[in-house]
Amino acid sequence: MEFEAVIGLEIHVELNCATKMFCDCPNRPGDEPNVNTCPICLWFPGAIPRFSQEALEKASLLCLGLGAELQPRSAFDQKVYYYPDLPKGYQLSQAHLPLSRGGAIDIVDEEGNPKTIRIHHIHMEEDVARLVHEMEGRLPISLVDFNRAGVPLVEIVTEPDFRAPHEAMEFLRALRTQVRSVGSSECSMENGTMRVDANISIRPRGTTQMSTKVEVKNMNSIRHVGDAIAYEIGRQSAAVQAGEAVVLHTRLWDPDRKATLPMRAKFEGPCVPDPAVPAIELSPDWIEELRAHLPEMPAAKAERFAAQYALTADEARSLSSDPEVAGYFEALIEQGTAPRTAAHWLTTQLVPAVRDRRQELGSSPVTPARLAALLRMLAQDEINANAAREVLVQLFDSSEAPEAIVSARGFRQVSDPTALDSLIDKVLEAQPAAVADVQSGRGKAMGFLIGQVMQASGGKANPKVIRELLTRKLDATS
Amino acid sequence: MDPVFFYRNPETPHARGGDLHGLRIAIQPNISVAGWPTEAGSKALVDFTALEDATVVQRLRRAGASVCGSTRMSEFGFGLQDSKAGEALRQQTADAELVMDLMGESRLAASRAAVCGFKPSYGLVSRFGLIGLIPSMECCGMLSARLRSIRDILKAVAGQDELDFSLPDEETPDFSRRDIDPREATIGVIAEAQDTLPTEQQEMFRASLDELKEAGFSLRDVSLPDFSLFSVVHRIIGSVEASSCAGRYDSVRYGHREPGARNWNDMYLLSRGAAFGPLLKSYLFQGAFFQFERYDAYEDACRIRARLLADMQRLASQADFLVLPAGNCAASGALPTLAGTYTQFASTVFANVTGQPALYLPPASDAAHPGFQLAGPRLSDALLLAMGEHILNIRQGGK
């Protein structure tokens, strides 16, 4: 029997708010354990949660960025369970009245066809404390870090629209791009600001039945999500083929064994409305005002870039997915760089160079103004592309203007025919075989000769002028 | 061991001035005062010391009152079986008391001590620093022999608090003294509220109605057929909220820890089993039952609560105030049960379900008139207190 997988994702995204969700403690993940705590996030007797306006705004922006419909009324519930990471015995979450419903992300499936993944709803919740399991001698101990307790989260719950690991990975990449664009979170699975649970079931291909699902957790990269889903589809298919029943439970992805391992029966505690946090009522005016703050989303930006700057669809997409890159690109154009040149230099030169140096584009010493000045010299044939690449390297370490670097280091290219004449003559004399090849119509040898002259000039010659001079000389002698 | 006070403030108050200048106020040990033992009557909080002042305490002190100590209370303020509320007034060691009102405790304790007892509108007084059990029902009640003191206390503590976002965004009512004209006030009498009263109390209640008529008020019979459902709704929703609220008492950072546990789960179970008293434990069991097994019944209770609220609003269009029996502080046996406790509070619990203010007026000192309860629509607190003052004035021969 052939099976098809039915997959839904639940994605926890940690919002990059300055404070926690219900108190003024800083939300700073890297700090020493248990320094960012107060009676509220430790839930001491008499404490009352104070819902953060910033958390509401960042969560709502995220919803709008994913095309979701903000609900006029939402409210917090208590998800009741007893565990050392939760000192009050319940987690504040929106189980019954979520912040938003609907929304979708468009992806491209494995066959290259467009596919829409629907979002069921997005709700807010507080994070719980972090447990660290260690050994004290031979005694296993667990430590609790309350810095994370009360950190604002949203949970994005998709419809079970995925059929393959590839689609889940594509969705997560697109989701990350969009959430970063609205500025609500960095969405890093490696740093734990994006955590993904996958609900996976299988059914005979062509049927519409909903089978028992298995929840898989503990993937810490988008690739692991794909691997875990692929593994789980294989495991469930083999089990069903062998006549075993799939039971509802939770499994953990083990990246070393590349396998999912059973963790526990899936726990569904009760969710009762919380009487302490007031219900959240969003007026249409408030929502529209927030929408006005919504930056242009990547898909819309890509479309505009392609149309406005005559870029290919691929170029437009790669420039628009990261808001920093997109902003840099438009800054270059504002400085007078031609769009195609800007696109090419940004994606093939600057972005990799910044990444190699572990810098951020926004804070890199190569500002749009400096790069634009460099590219202006290239466009006006004052330097050639090789020299431009070398000057770019120097721009990272020097605060001098690109023009000054070009002059001081002698990068200005030589376009004067009389200066190049003697070099060319020497090369022609030294390479009779190549000359013969060119004269018998073999084009490749021309490139070789240009390269030889370039080398002889120390990389400073203008390749266009070399080609002109070479062509003229070889035509004259043939 | 002091039979009335759980903790006495060792500091002698110094003159501060203000509306409450010189007033000695006893609180309960579930109201936080930084540095004071704050056990809320429960072993689950044994040796717990409050970290910050509750907003009510801050505001009382700012108005010049001296917070003289905390009196013994039932576990988390639920019921009156172990409560000494009202005793400090009787002993004259305090001029007023703050008493948590979960289902009518402040009004019933007032009846026990023959003083005035007031439960303000829900959302009028900050709950910051109050160790509660039923957040959507409870609020800080006030006891005093003088209604004037209750009015001054309410004026001092009521209003928005940046530490308690659960207070609705409303303007704080004007608490200044106002005059009542009996000819312009209609008082509703809920027929169904008398149904379950013993004969003796029915007679007392009729005497209260006569007193109001003689004072010149017009009485009007009104009907609320589901009056008995207030107790049912309170019992279901209250126990569910209590179960959540008490979830934090895990013996990890404070409170009683039972020895002998093999792991954390064991420690939770053993410590919680040993910490809570029998009445509270059955309440928490009941709440957990509705949370885990009968959530549908809890949802029904929430719907019925909304309907009862609408019913009460309908009555408010028929009468300015309501008069109700006082409640039954004598009913409890040696071993308190949930059923017995709810029977005691059958006449008072409505105001906790709806969030409206309610006032207990004690019997006249010459025993000519029995005590009774008055209630008004939400945020009518100032008028309700003025009504009380008007009636007490008449008893003293004023007009």
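Predicted model: local features only at pLDDT ≥ 70, side-chain atom pairs only at ≥ 80, totals over all residues.
Biologist: How many helices and strands does chain B have?

Modeller: The elements of chain B include strand β2, residues 24-27, and strand β3, residues 66-71. Helix α9 of chain B covers residues 295-316. The count for chain B is 12 helices and 11 strands.

Biologist: In which order do the strands of the open sheet in chain B stand?

Modeller: The pairing in this sheet is mixed, and 11 strands form it. Neighbouring strands are turned against each other by 25 degrees on average, with direction ignored. The order in chain B is β1-β3-β2-β4-β6-β5-β10-β11-β9-β7-β8.

Biologist: Which strands of chain B stand at the edges of that sheet?

Modeller: An edge strand here has a single partner strand, so one side of it is left without a neighbour in the sheet. Two strands of chain B stand this way, and they are β1 (5-8) and β8 (218-222).

Biologist: In which sense do β2(B) and β3(B) pair, and what is the hand of the crossover between them?

Modeller: β2(B) and β3(B) pair over 4 bridges in the parallel sense. B:Ala26 stands opposite B:Gly69 in β3(B). Between the two strands the chain passes through helix α1 of chain B, residues 55-62, and this β-α-β crossover is right-handed.

Biologist: Which residue of β4(B) is the bridge partner of B:Ile25?

Modeller: β2(B) also pairs with strand β4 of chain B, residues 96-101. That pairing is parallel and has 2 bridges. The bridge partner of B:Ile25 in β4(B) is B:Ala96.

Biologist: At what angle does α3(B) run to β5(B)?

Modeller: Two helices can be described against the strands they lie across. α1(B) lies across β2, β3, β4 and β6 of chain B and runs at about 145 degrees to β3(B). Helix α3 of chain B, residues 105-113, lies across β4, β5, β6, β10 and β11 of chain B, and its angle to β5(B) is about 180 degrees.

Biologist: Is B:Ala301 buried or exposed?

Modeller: B:Ala301 lies in helix α9 of chain B. Leaving out residues up to four places away in sequence, B:Ala301 touches B:Val233, B:Ile236 and B:Ile237. A residue counts as buried with 20 or more other C-beta atoms within 10 Å. B:Ala301 has 22 C-beta neighbours inside 10 Å and is therefore buried.

Biologist: How far apart in space are B:Ala301 and B:Leu361?

Modeller: In sequence, B:Ala301 and B:Leu361 are 60 residues apart. From C-alpha to C-alpha, the distance between them is 31 Å.

Biologist: What radius of gyration does chain B have, against that of a compact globule?

Modeller: The C-alpha trace of chain B spans about 70 × 55 × 40 Å along its principal axes. Buried residues make up 54% of its 399 residues. A compact globule with 399 residues would have a radius of gyration near 21 Å, and the value for chain B agrees, at 21 Å.

Biologist: What radius of gyration does chain A have, against that of a compact globule?

Modeller: The C-alpha atoms of chain A fill a box of roughly 95 × 55 × 55 Å along the principal axes. Of its 478 residues, 40% count as buried. A compact globule of 478 residues would come near 23 Å, but chain A has 30 Å.

Biologist: Where is A:Lys258, and what is its phi?

Modeller: Most residues other than glycine have a negative phi. A:Lys258 lies in the loop between β14 (249-254) and β15 (259-265) of chain A. A:Lys258 is exposed, with 12 other C-beta atoms within 10 Å. Although A:Lys258 is not a glycine, its phi is positive, at about 50 degrees.

Note on methods:
Residues numbered from 1 in each chain as written. Chains lettered and ligands numbered in written order. Pairing = 2+ DSSP bridges. Right-handed = clockwise from strand over helix to strand, strands pointing away. Rg over C-alpha atoms; globule rule 2.2 N^0.38 Å. Contact = placed C-beta atoms within 7 Å. Axes fitted to C-alpha atoms, helices over the stretch in contact; angles between N-to-C directions.
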